[in-house]
Amino acid sequence: MSGPVTPEPLPGPAGEPPRIALKAGGRPILQVEDISLSFGGLKALDRVNLEIREGEILAIIGPNGAGKTSLLNVISGVYHPQQGRILFEGQDRTRFRPHAVANQGVARTFQNLGLFRAMTVLENLMTGRKKFIRTNFFLQAMFWGPAQKAEIEQRERVEQIIDFLGIEHIRKVPVGTLPYGMQKRVELGRALAAEPKLLLLDEPMAGMNLEEKEDISRFILDANEELGITIALIEHDMGVVMDICDRIVVLDYGSKIADGPPAEIRNHPDVIRAYLGTTDDQPPPASATGDITDRAGRAGGGPIEET
Amino acid sequence: MIYRESGQFASSYAKDMRMFPLLQDRWAFGALLVFAFVVIPLIANDYWLSSILTLFLIYSLSAIGLNILTGFCGQLSLGHAAFMAVGAYASYNFAVRLHTPVLVNFLLAGFVAAAVGLLFGLPSLRIKGFYLAVATLAAQFTIEWVLVSFNWFAGGSMLGAIDTPPMNIMGWDVSSNLDKYLLTLSVVVVLAIVAKNLGRSEVGRSWRAIRDLDVAAEIMGIRLFPYKLLAFMVSSFYAGVAGALYAFCYLGSLEVTAFELAVSFRLLGMIIIGGLGTILGSFLGAGFIVLLPILISQAIVFLHISGASDFLANAELMIFGGLIILFLIVEPYGLARLWQTIKEKLRLWPFPY
């Protein structure tokens, strides 16, 4: 009853040049300029500058409390910064509410799952298609004509995503009853259903085992390569970050301390200091001479800074 | 053995999205309609039609309205009966002053109630949960007070006492209890299907998304405020139509006290016992609250339990209260979920797996 058995790549936005060309130096899709955000006396973000370039996978890393999620919340309009501005595709949208940000083409997932628990997988994914449904209330009340047609059209798109993520068997199950890893996958699906230009993922692999992490990494890479979606993700697993990301931004105490390709971040002295807690007075301990990936590797590939 | 879905494959999305995807469910629904429209008029006596079935249908309709607001959109309301009052008095005034046709009256009553509902839904922008529930109490008290204080609404009589004029729909003189039952039934069936449709399309999904997690709903591009207000309006529309039916088809003559706070609580009890967020649950809950006390008192008579009359009257209430608690313990998600579970079991019955 669903579409073809083999997952078919969803077509990306029309007229999109191939991603490879963008990779080297795509134009910025989102610019965060000089953003400061504080809650009372606590400074969550301190004059952060950031650029997300079209077609790339950007990782935002940093120790706990560094302001990563706050940054994502500012980008998606949940919080409004006290200072600075945000440009999306060159236009200022610092004061946009979350729904307006979503309709511009930014989708996101949450650190602790943001699914609609009592709704089925299908219904959750269909909420992602909301902005494509343009029928009025009275037609929907009769579920007739254009309203039914719109539902069917969007259902077809959703089924493609269900294929893409391999979750056919659970499409009519309420998401609240699914195991955690599956819920994470459904949440990714819901964000993809919105056909975003920019996808923000807040710890998409938190609490997953190796196999599940590999699956999600694959989906992220596919979404990026086949659907042409620009991705910014927060992740603690350095192995994953180094493997799949084109560029890494490091935050510490609300400030950006490094920005560059994985190879550069790996040996960046400030980053090593932020993660290992050495000060300028002390030389790094002998065990810290390797790069941060090594540290992660020794901890069994797990998060390196969880205390 | 009978309730099998094997061999029924949805070959298109349209078929998969039907209101009743299973053949057996469609048959059951058709049979239920035939029963309600044909069999009941043949077998039911006047007492059943006038005092029980019509009341049950009207409460079901009002409960659907409250379920849209509370069950679908997650906004708790304690003032639902007041919107029924708005509908009742609006339809009365349209009928007496403007002499508009009966069905138009009912529709207008719904729209007036929706407008008032919109007004009292405004606080939902800022407050939610229990705090909003208390704010909706304001609707209950304000509307009751306005209707009692300004006797213009009741055509000049004291305490808002009104007598509904006779109804005539295109030559059909709706005067007997059977006529009123059939009119009520028709309105309820149409509006229940509309509610079902809203629930499964984009509006209903957005409401449920707001109910489950409003932050995520907003991130998905759903504007909270318009959708909450829409839920208040649709909910009040249903209450308004139910109130008009209550006045015209059930009571005939009434005062504002017919829509007191206790009725709001009753409605809330119905949707909680019946099942939040389901249309079926609204009917089951209304049936539970309306029919069960009657069944209990009948059972007491039938079993020849003797005792002081005041003891018997209280025993009825005690059994009723006990049953409510029992059902909530057995199935906190309501009778509709219980029905769902039974259907799941029926798929395999009589085999263990």
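Reply: Two strands are said to pair if DSSP finds at least two bridges between them. Strands themselves (E, at least two residues) and helices (H or I, at least four) are DSSP runs, numbered from the N terminus. The model is predicted, and local features need pLDDT of at least 70, side-chain atom pairs count only at pLDDT 80 or more, and totals for chains, interfaces and linings use all residues. Residues are numbered from 1 along each chain as its sequence is written, chains are lettered from A and ligands numbered from 1 in the order in which they are written, and side-chain values use heavy atoms, with hydrogens and water left out.

The sheet belongs to chain A: four strands, in the order β2-β1-β4-β5, form an open sheet with antiparallel pairing. Strands β2 and β5 (91-92) of chain A stand at its edges; each has a single partner strand, so one side of each lacks a neighbour in the sheet. Strand β4 (residues 83-88) of chain A runs antiparallel to β5(A), and two bridges join them. A:Phe88 has A:Gln91, in β5(A), as its bridge partner.

The phi of A:Arg47 is near 45°, a positive value in a residue other than glycine. Most residues other than glycine have a negative phi. A:Arg47 is partly exposed, its relative accessible area being 48%; on this scale, buried means under 20%, exposed over 50%, and partly exposed in between (1.4 Å probe, protein chains only). A positive phi, of about 50°, also occurs at A:Tyr253, which is not a glycine either. A:Tyr253 lies in the loop between β9 (247-252) and β10 (255-260) of chain A, and it is exposed, with a relative accessible area of 69%.

Elsewhere in chain A, A:Thr120 sits in the loop between β6 (106-108) and α4. A:Thr120 is buried because its relative accessible area is 17%. Beyond residues up to four places away in sequence, A:Thr120 is in contact (heavy atoms within 4.5 Å) with A:Arg171, A:Lys172, A:Val173, A:Pro174 and A:Val175.

The contact takes 38 residues from chain A and 31 residues from chain B. About 3,200 Å² is buried between the two chains, and carbon and sulfur atoms give 66% of it; buried area is the accessible area (1.4 Å probe) lost when two parts are put together, summed over both. There are five salt bridges between chain A and chain B, a salt bridge being a side-chain nitrogen of Lys or Arg within 4 Å of a carboxyl oxygen of Asp or Glu. A:Glu151 and B:Arg205 meet in a salt bridge at 2.9 Å, N to O. On the side of chain A that touches chain B, the elements giving two or more residues are α3 (98-104), α4 (121-128), α5 (137-142) and α6 (146-165) of chain A. Of these, α6(A) gives the most, with six residues.

Within chain B, helix α3 (residues 46-72) contains B:Leu66, which counts as buried at 0% relative accessibility. B:Leu66 and B:Tyr238 lie 172 residues apart in sequence, yet 8.1 Å apart in space, C-alpha to C-alpha.
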